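Thanks, everyone. I will take a few minutes to go through one model, starting with a term and ending with the aromatic residues.

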Amino acid sequence: MEAIAQSPARAVKAPVFRICSITGLRVEANAEMLIRANAVVAVIFLAIGGLFGLSVALTRWPAVHLLPAEWFYIALTAHGADVLLFWILFFEVAVLYFASSTLLNSRLAAPRIAWVGFALMVVGALMANVAVLQGESTVMFTSYPPMQAKPHFYLGLVLFAVGALIACMIFFATLVIAKEEKTYEGSIPLVTFGALTAAIIAVFTIASGAIILIPTFLWSVGLISTIDPLTYKLVWWAMGHSSQQINVSVHVAVWYAIVAMVLGAKPLSEKVSRMAFLMYILFLQLASAHHMLVEPGISSEWKIFNTSYALYLAVLGSLIHGMTVPGAIEAAQRKKGFSRGIFEWLRKAPWGNPAFAGMFLSLVMFGFIGGISGVVLGTEQLNILMHNTIYVPGHFHGTVVAGTTLAFMAVTYLLVPLYFKREIILPGLARWQPYLFGFGVAGISLFMMGAGTLGVPRRHWDITFSDAQMVYSFSPAAFLMMTLNGIAAVIASLGGIAYVVIVVGSILFGKRIPDGKERAPFEAPPVGNAVGQYGNAGTFHLPGTLVLVGVFFLSFVLYYYVNWKYLAQVWPLK
Amino acid sequence: MAIHPPVTRIWWREPVAKMEIFWIAIAFAWGLVMFSTMVAWHIWGEQNLANEAYRVNPEAYVARVEAMADKYKVREEGDSGVPVVHPPPGSDVYLLARLWQWWPVLELEKGKSYRLHLSSADWQHGFSLVPTNINIQVHPGYEMVVTMRPSESGTFGIICNEFCGIGHHTMAGKIHVVDR
Ligand code: HEM
Ligand SMILES: [Cu+2]
Ligand SMILES: [Cu+2]
């Protein structure tokens, strides 16, 4: 009788939780369904977008030259949108819900609205894909005006962004609920803190996206007469670059989560790691500057100030994580007794566990390949050498593929048992998957960077200029690089296919994990605080990490100045 | 662990290990070094992009390029019919980017400076001088002026490295640098 009197909004069911037998984490039913849905859709877009990527790479392999020109540019547009936007963002929404609801032991806020957000994202992503495949929106995912796509391309992106914004709001609301309902004690965990950083940046990012994509949409339907190409670029990259900072925040949070779940590692210092996350928020606003280094009419002072204030302090954040994450691993391993010599802790790490292996490869490759090349590219004068060459995709396959994508793949091996209650199938293949994908992607990155230093342009169907009025002949080395890139792409794609097969197969056919028993075929993650407290000064000694960061630092300095040396040989400009 | 609330409640007062402070200090100092390198290159380096640029009407720009080409044309390039233009050293040289051509072909003298103007008649294009590796973004409606001094002789390609539609990969031009 009482129930009838209640308004529908008040008739909310009490949250339903179950306990994961492997991690001991409490999983709420609504969060579980939303995480499943977002993760599955993410993997579907990775599969589609990855195949487009392979077809692009095979086209750029001179001897194969797979697609005709029109389809090459369509596939490239679809590749950029499907993997960079859709795969990454759907997965990130899943991580946000994991970091809020599951890690804080709380119900998810407003699940119905969360489903609306999800639906908007799906509709937007499909709409953009349809627009691209219809062939009249071949504008690349950056869609620089005055080149114009069909209205439903921009509309799809806008709907997708609104959906993502809703997901961020659900995340914030869940934090508030968890705090009010006292579902945890003290401060939020570091992983949740990292996710919070990402969500805050996402709000800024999506606002920039709206500021630029809505007028662009109106322009495409004829309501606005022109869009200034320079302003577009500045604002578009306020979205485009900041969203990379979201990716970095989330994948660093994922690194911390994996080392905690697999090794029981604690952060060396909560303070330092949190400060490093904060730097991402504080120092990125004008990071779009490093996309504007060779544009007309922008002063050098502006470029230098905004790339170094905004970039180097954000870079500093990453450099800090680059030490504290391996440091946490080393400390945990030494605590477990792997303390002989400098590197026993690393040798005896669980390399056969794809969650750990993927995470560690992601850490190393993000730093050495993506990070160093990114800072070099973002240096005012050095950008002249590489702007818009294929060095640029080389760089960001190091960040967003070897870094973010590989980290997300790695954490999937922990999330499938957690949320789908299934064991990972084909453990033998799973063991190899991170290496296959990781080394393939390292190849793609390095060979594209190599070709870029030889002047090979990005987004280019034919570097032999066979139908051109005037011809430029690239050196044989450039062709070799593009061939090696094609081979590496095949290896990476095998790794990508293995991932999709394992994930989808596990979800559908994996052995069910009954509550309270069994576990995934990887090492048992320690339950609770297996490792005591070593967060304090003077209590740890990490020679291995010191060597690793030392090698990294030297490579960075060397590579940076090698590029200045190249620059000095170029025609004088002023 | 990172997935649990911090062990010490007041985590922001926890002392930081020497090694962490050491690394943060090095990384920060390196940021300063990189910042100073950019500034120093403006003072002592020879490769810096100019900040000189103007808003321009694309048609007006095309007219200026054509006027220059008429004035200084010396021959045509191969059988393409594209004029080869040899402007006097030190002068203003106009290069036009349009779908899908860099126009005209320039003939410059080694070791002499030129004020090179760059703009587009239609979409964005990417000026990419190969194999020298000078890359500059070209926008419609903006005219950028770069003073350039070719330091080696030979024939150089200009390719387009900003995607500009289905003919993007056919967009190529040339600069001849001659000894005088
Ligand atoms: C098997 C995996 C992959 C392969 C073989 C691959 C290969 C490529 C190649 C060859 C290009 C074209 C470079 C050009 O012509 O300009 C490209 C572009 C790109 N890729 Fe990938 N990629 C893969 C995965 C990914 C993933 C997972 C992401 C994002 C998370 C990604 C993001 C991008 C983006 C944003 C572009 C630029 C598109 C544009 O220029 O508009 N790729 N990729
Ligand atoms: Cu072009
Ligand atoms: Cu082009």
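Buried, in this talk, means under 20% relative accessible area, taken with a 1.4 Å probe and protein chains only. Please keep in mind that the model is predicted.

With that cut-off, take A:Ser143. Its relative accessible area is 1%, so A:Ser143 is buried. It sits in the loop of chain A between helix H4, residues 111-134, and helix H5, residues 151-180. Its phi is positive, about 40 degrees, although A:Ser143 is not a glycine. For context, most residues other than glycine have a negative phi, and most peptide bonds are trans.

Chain B has a residue of this kind as well: B:Asn133, not a glycine, has a positive phi of about 65 degrees. Is B:Asn133 buried or exposed? Its relative accessible area is 9%, so B:Asn133 is buried. B:Asn133 is placed in the loop between E8 and E9 of chain B.

That loop also holds B:Pro131, between strand E8 (125-130) and strand E9 (134-138). The peptide bond leading from B:Val130 into B:Pro131 is cis, with omega near 0 degrees. Another cis peptide bond joins B:Trp103 to B:Pro104, and there omega is about -10 degrees. B:Pro104 lies in the chain B loop between strand E5 (101-103) and strand E6 (105-109).

Now chain A as a whole. It has 16 helices and two strands. How does the radius of gyration of chain A sit against that of a compact globule? For 574 residues such a globule would come out near 25 Å, and chain A has 24 Å, so the two agree. Along the principal axes, the C-alpha atoms fill a box of roughly 75 × 65 × 45 Å. Of the 574 residues in chain A, 64% are buried. Among chain A contacts with a separation of 6 or more, 83% are between residues 24 or more positions apart.

Chain A carries 33 positive and 23 negative charges, whose mean positions are 8 Å apart.

Last, the aromatics. Over all chains there are 42 aromatic pairs. One of them is A:Trp236 with A:Trp237, edge-to-face, at 4.7 Å centre to centre and 80 degrees between the planes. A:Trp236 counts as buried because its relative accessibility is 5%; A:Trp237, at 11%, also counts as buried. There is also an aromatic cluster with members from chains A and B, including A:Phe368, A:Tyr560, A:Trp564, B:Trp23, B:Trp30 and B:Trp41.

Technical notes
Residues numbered from 1 in each chain as written. Chains lettered and ligands numbered in written order. Predicted model: local features only at pLDDT ≥ 70, side-chain atom pairs only at ≥ 80, totals over all residues. Heavy atoms only, no water. Helix = DSSP H or I, 4+ residues; strand = E, 2+ residues; numbered from the N terminus. Rg over C-alpha atoms; globule rule 2.2 N^0.38 Å. Buried < 20%, exposed > 50% of the residue type's maximum accessible area, 1.4 Å probe, protein only. Contact = heavy atoms within 4.5 Å. Lys, Arg positive; Asp, Glu negative; His and termini not counted. Charge placed at Lys NZ, Arg CZ, Asp CG, Glu CD. Phe/Tyr/Trp six-rings, centres within 6.5 Å; stacked < 30°, edge-to-face > 60°.
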